[in-house]
Amino acid sequence: MNEHVRQVKRTVVGKGIAHDSAVKHVAGTAVYIDDMGELPGTLHAALILSPVARGTLHAIRTGEAAAMDGVVAIVTAADIPGANQIGPIVIDEPLFAERDLDYLGQPIGAVAATSFEQAVRAAHTVVVEHDKAEPVLDIEDAHARGDYVLEPQRLVSGDVDAALESADRVIEGRLDMGGQDHFYLETQIAYAIPGEDGDMVVHSSTQHPTEVQHHVAHVLGGYANGVDVHVRRMGGGFGGKESQATIIACAAALLARKTGRPVKLRLKRSADMSATGKRHDMVSTWRIGVTEDGRITGADVRYLARAGNTADLTGPVLTRAMTHTDNAYHIPAARFVGHACKTNTVSNTAFRGFGGPQGIITAEAMIDQIARELDLDPNLVRARNYYGPQTGETTPYDQPVEHNRLGEVTEAILRSAQWTERRREIDEHNKTGPVIRRGLAMMPVKFGISFNLPSLNQAGALVHVYQDGSVHLNHGGTEMGQGLFIKVAQVVAEVFQLDIDKVKITATHTGKVPNTSPTAASTGSDLNGMAAYKAATAIRARMTPVAARHFDVPEDDIVYRENRVHAGNRSIGFGELAHMCWAARVSLSEAGHYATPKIHWDFKTMKGRPFFYFTYGAAVAEVAVDTLTGENRVLRADILQDCGSSLNPAVDLGQIEGAFVQGMGWLTCEELWWDGEGRLRTIGPSTYKIPGSRDVPPAFNVSILDGAPNAEETVFRSKAVGEPPLMLAVSVWLALRDAVASCGRPGLSPRLRAPATPEAVLAAIDDMRERAG
């Protein structure tokens with residue numbers, strides 16, 4: 001990356017500038033789709049959902065619903081002029097069911113009416129005639145039946161069987177991991193506005209505008225150039241609006257096409273939780289070969305993932321789980337196998353971490369089990385297996401672990417968290433505490449940054465400089481509260497050396513920046529920030545010769561600083577130079593494009609370099625457990641996260657804190673529960689417990705690793721931050737294991753599932769005591 005002309009220090013990038021919508025968020029004035037002024041004639045829609053988890057659809061009786069006051073249109077699969085298909089990767093997911101009913105809550109059709117309430121009533125009035133069959137709800141049952149949505153994935157490195165055969169010990173284990181609902185504040189919503197010549201404008205709460213654009217075009221039987229998708233902001237996404245938003249947008253657009261009127265489709269919380277996918281619940285099992293001092297010689301790991309009824313994004317989620325099963329540890333011989341199990345439940349999808357959390361918690365469970373069964377210090381076992389010159393520096397998928405900061409972050413967090421003193425004090429407490437036991441744990445994270453599909457690692461940005469010196473910025477990233485827009489604006493402001501308020505942030509728009517990748521995989525700033533940087537620097541490179549001619553100096557003497565352009569002691573305003581450029585017929589507009597270098601991936605062998613770089617982090621968590629009830633609390637958390645040279649430390653700290661607490665929710669209190677009929681019973685905050693303010697650790701110490709710029713050429717040497725800190729919450733689950741272990745004897749490893757609800761903790765304590773005799 002070329003540094004700025006004669007620039008000594010950064011003045012915008014690296015500053016803790018407030019989120020561009022922070023005041024509006026607090027004041028309640030930020031405009032989301034449901035807040036937009038509705039056009040005359042706007043209709044409101046509701047989905048018709050399958051009443052059974054498995055069956056055959058025979059008929060949809062809409063007569064009574066169609067006759068209701070205010071009902072304008074009802075659509076089913078028969079009304080789709082184009083393709084009844086919205087699968088993001090595999091062509092296996094219809095917009096509306098045609099024959100097979102595969103999960104309870106599956107969309108069968110949609111109703112448009114003059115009010116939202118009337119649309120919901122009409123949707124419930126539609127009669128669905130069907131046969132009913134026994135649903136497959138358990139992933140191990142599906143595995144036993146050989147029911148998969150994809151072929152198994154295999155990642156193999158070295159001779160695993162020989163490694164296990166020659167090991168001093170072979171340790172076997174299992175971990176049951178629950179799913180997680182995204183529970184974004186703004187539920188799924190789309191507002192479709194028909195235009196002339198079959199055009200369609202769709203305001204969609206989506207992380208992937210291009211995917212919405214393409215699928216709306218296919219469902220309507222047209223081309224992408226007839227569909228414009230706009231996204232100003234989302235009220236949260238967390239991966240749940242990467243592929244799932246397509247369902248809502250396509251249904252709204254179909255009704256808009258049929259009626260010729262604008263249609264808004266928004267889901268009630270209960271419908272959202274029933275009809276859209278979650279984080280994949282998984283079962284991992286393993287056999288690990290180790291030496292007597294806890295060094296891993298080989299690992300054979302199997303994942304069973306609940307795909308649901310279609311593939312959706314399960315394939316790449318499993319890939320990422322498998323490429324993070326090593327976490328921070330060198331495994332000389334590895335065999336990781338992933339099965340995408342088909343069940344009669346909603347298809348699971350992307351969720352912050354995208355398989356990484358399931359892989360990393362499996363790695364940490366294995367390390368903890370090794371330590372406890374060999375009666376060793378878990379941190380010592382970790383250190384003996386960290387990637388490094390003494391163990392190995394190549395992952396099972398053949399990517400070198402370069403610029404390794406595992407030792408740096410773990411040693412720093414152990415010091416700052418006062419590990420030695422607290423470990424001693426907690427051990428003494430547990431010797432005498434008959435009811436309340438405490439646990440303490442440290443764990444590292446090594447997380448790869450890039451999409452597993454190399455073609456997605458690209459982005460575009462559009463930058464205009466106007467004659468008054470103001471700047472218009474647009475790019476393919478979407479804002480869901482994470483602060484992407486302000487970060488990219490800081491990059492552009494830094495290039496031109498302008499105040500941040502001179503850069504106008506605008507809504508993501510497929511008509512401005514085409515063929516965008518989803519804002520996901522923690523790549524938003526890396527991709528869109530670099531695309532915007534390239535666009536802005538290209539414009540500046542055309543402006544500089546104009547300034548040099550004006551001052552009659554060499555171009556190298558031109559300095560951009562504090563909203564002005566300098567040549568020695570002389571200067572003009574940036575707006576003055578912009579006007580000069582216009583007068584000289586110099587273009588002040590640029591479409592920047594960026595493609596991540598170095599990455600490659602062979603999907604068949606599961607080998608290559610899928611990640612541009614790794615981020616590193618470490619956390620220490622302390623918990624207290626009531627051994628009579630299983631109730632538990634997180635007392636303290638210490639976090640150190642590698643952000644490279646942070647673009648915005650204030651935003652990054654918020655991302656670290658939020659990700660950690662969301663990870664705590666997945667691992668402690670957020671439990672999805674289906675009944676025997678396949679009906680999800682946890683469909684709102686009364687039955688589905690997300691973390692609240694009182695669940696945040698009272699002592700919450702969060703730091704960004706200082707003086708550690710990214711060794712790879714990212715935008716201003718920053719690193720991604722959206723997903724990696726979520727995995728640091730595994731330290732809380734490990735601390736709960738530590739507290740449970742204190743109820744047994746040395747040599748026993750706790751059997752604790754995730755989420756570690758009070759019931760799960762109590763069951764693990766009872767199991768420990770029973771095995772301890």
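Modeller: The model is predicted, so local features need pLDDT of at least 70 and side-chain atom pairs pLDDT 80 or more, while totals for chains, interfaces and linings use all residues. Numbering runs from 1 along each chain as its sequence is written, and side-chain values use heavy atoms, without hydrogens and water.

Colleague: Which residues of H19 does H17 meet?
Modeller: Contact means heavy atoms within 4.5 Å. H17 contributes Phe-660, Met-664, Leu-667 and Thr-668. Facing them in H19 are Val-730, Ser-731, Val-732, Trp-733 and Leu-736.

Colleague: How many helices and strands does the protein chain have?
Modeller: The C-alpha atoms fill a box of roughly 85 × 75 × 50 Å, taken along the principal axes. Within the protein chain, the count is 20 helices and 29 strands.

Colleague: What share of the 773 residues is buried?
Modeller: Buried means under 20% relative accessible area, exposed over 50%, partly exposed in between (1.4 Å probe, protein chains only). Of the 773 residues, the buried share is 62%.

Colleague: What share of contacts with a separation of 6 or more comes from residues 24 or more positions apart?
Modeller: Take the contacts in the protein chain with a separation of 6 or more. Residues 24 or more positions apart account for 80%.

Colleague: Which residues does Thr-76 touch, beyond those up to four places away in sequence?
Modeller: Thr-76 sits in strand E3, residues 71-76. With 15% relative accessibility, Thr-76 counts as buried. Leaving out residues up to four places away, Thr-76 touches Ile-60, Phe-96, Ile-108 and Gly-109.

Colleague: How many salt bridges does the structure hold?
Modeller: A salt bridge puts a side-chain nitrogen of Lys or Arg within 4 Å of a carboxyl oxygen of Asp or Glu. Over the structure, the count is 45.

Colleague: How far apart in sequence are the parts that Glu-140 and Arg-174 tie together?
Modeller: Glu-140 and Arg-174 form a salt bridge with the closest N and O atoms 2.8 Å apart. Glu-140 lies in helix H4 (residues 139-145) and Arg-174 in strand E8 (residues 169-177), so the pair ties together parts separated in sequence by 34 residues.

Colleague: Is Arg-335 buried or exposed?
Modeller: Arg-335 forms a salt bridge with Asp-161 at 2.9 Å, N to O. Arg-335 belongs to strand E15 (residues 334-342) and Asp-161 to helix H5 (residues 160-166), 174 residues apart. Asp-161 is partly exposed at 45%. Arg-335, at 17% relative accessible area, is buried.

Colleague: Which elements do Glu-425 and Arg-438 lie in?
Modeller: Their side chains meet in a salt bridge of 2.6 Å, N to O. Glu-425 is partly exposed at 38% relative accessibility, whereas Arg-438 is buried at 15%. Glu-425 lies in helix H13 (residues 419-432), and Arg-438 lies in strand E16 (residues 436-449).

Key
Helix = DSSP H or I, 4+ residues; strand = E, 2+ residues; numbered from the N terminus.
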